[in-house]
Amino acid sequence: MVLVVALAAVAYVATRDTSDDRARDEVVASVRELVTAAAVVPDLRGPRLCDRLTAGTRERLDALLELSSTSEARRGCSVAVAEVPWRLRPITADRDRTDADTWDVRIDGDRAVVDRGGEGVLRLARIAGRWQADLEADPAWAHRLVVAEACTRAGRSAAGVVPPRGTVSSLRAYFARNARILEILARRVGRETPPRGLAATDRRLVEATTVAARRFRTAAARVSADPDRLTSVLRRVSPDGYDLVAQLPATVSLRFRRAVGFCFTDTAVIADPKGAARLDRICARAARPLAELGPIRSLADLRAYASAVRAALRPLPGGLNRVLLPRGQEPVREAVLARIRTMSRDATGFAAALRAGGLPSRALAERVELTGVAIDLGLRQLGVRCLVGDGAGAARGTPI
């Protein structure tokens, strides 16, 4: 009787070990398939991978792509993983650790965790008898997706802010709107509880965003029609420039890019980098004579300024209209074109007053200055570094 029981026990253990080994082999094979499929994602062969992701993971990727893109053609999991492969980090991390015997595979019913060492920890779920990557179950992945969504919303909001008119109140509203977007972004990231190892990263994200928001608030408070104060207003709000993809101050975008990759992918002029570069060259050539003007100390200097303003504006509409923009940036282009028309008319009136032997009114001179800043802000949203309104300026020299 004792012998029968012992034999039965041995048979049970053998059966259990075989079953466990088979399950482990299935999980390991699934991970290998995932890694192989992820390796070809940049070649837009995403479907091979998406079939191996849980429905919840696909839905989160789809939602993020819909948020970040205005193009109806750019939808679906395969597009999402092809454009933003960083989100496959749980699959691709430590992909070179191919010795499955060293992997720590833990299986609990229909759930599994595979630790390949280093950062290569992947969670899977067995659905309809097939193991699929459950990226949502990874605390770091889920948290990073929330951060990416917050950054994407901020970038899309910033890209859609219409450049201001040439008035102090409009400039203040523009700066305040950008500050608000950044403040909301900082608050959204700050209220999340990051998983272990990401607290310092999130703190740096919030710090960079808060500093940028403060710059915009300061600009909104200090902007005036005083030309001397307008001279540095662009540098004050974004001394490091704008990121074409994120449409956010570059320091903010850089911080988020290090943490979650590109968080905004469609509404920027990056869709036509050659067109943006061409417009930048056109603008630089046109604005150079304006930028090279010296202090205005005579009527002759003032006439030269009026002429340089009109010359700088003349080629910009043609260059702007040739840049291919997604729908999200069309209102920005239309606003910049409208500001150029306004400034051209004012510059003509400026010149007419000089030809009549007088001086332009103070209101007209101020409007030219303010509109120049508005044009520069709009051009920056379209990826142009050239500054039209940053020349010597009518009132920046010794008063006549």
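**Chatting through a predicted model**

Trainee: Which helix does Leu-205 lie in?

Mentor: Leu-205 lies in helix H8, residues 199–222. Helices (H or I, at least four residues) and strands (E, at least two) are DSSP runs, numbered from the N terminus. Heads up: this is a predicted model, where local features need pLDDT of at least 70, side-chain atom pairs count only at pLDDT 80 or more, and totals for chains, interfaces and linings use all residues. Residues are numbered from 1 along each chain as its sequence is written, and side-chain values use heavy atoms, with hydrogens and water left out.

Trainee: Is Leu-205 buried or exposed?

Mentor: Leu-205 is buried, at a relative accessible area of 1%. Buried means under 20%, exposed over 50%, and partly exposed in between (1.4 Å probe, protein chains only).

Trainee: What about H7, how many residues has it got?

Mentor: Helix H7 (residues 168–190) has 23 residues and reaches 33 Å from first C-alpha to last, close to the 33 Å expected at 1.5 Å a residue. The expected span is 1.5 Å times one less than the number of residues. Among the buried residues of H7 are Leu-171, Tyr-174, Phe-175, Asn-178 and Leu-182.

Trainee: And what does H15 span?

Mentor: H15 (residues 330–355) has 26 residues and should span 38 Å, and its end C-alpha atoms are 38 Å apart, which agrees. Just after H15, Gly-357 takes a positive phi of about 90°.

Trainee: New topic: which residues does the disulfide join?

Mentor: Cys-50 and Cys-77, with 2.1 Å from S to S. The rule is a pair of cysteine sulfur atoms within 2.5 Å, and it gives a count of 1 disulfide. The Cys-50 to Cys-77 link is left-handed, with -90° about the S-S bond. Cys-50 is in helix H2 (residues 47–50) and Cys-77 in helix H4 (residues 77–83), so the pair ties together parts 27 residues apart in sequence. Both Cys-50 and Cys-77 are buried.

Trainee: OK, strands now. How many bridges join E1 to E2?

Mentor: 5 bridges join E1 (residues 104–108) to E2 (residues 111–115), and the two run antiparallel. Strands pair if DSSP finds at least two bridges between them. Asp-108 has Arg-111 in E2 as its bridge partner, while Arg-106 has Val-113. E1 and E2 make a hairpin with 2 residues between them, and Gly-109 in the turn has a positive phi of about 65°.

Trainee: What does E2 do with E3?

Mentor: E2 and E3 pair in the antiparallel sense over 5 bridges. Val-114 stands opposite Leu-122 in E3. This hairpin of E2 and E3 has 5 residues between the strands, including Gly-117 in the turn with a positive phi of about 95°.

Trainee: Where is Ala-128, then?

Mentor: Ala-128 is in the loop between E3 and strand E4 (130–133). Its phi is near 55°, a positive value in a residue other than glycine. Most residues other than glycine have a negative phi. Ala-128 is exposed, with a relative accessible area of 83%.
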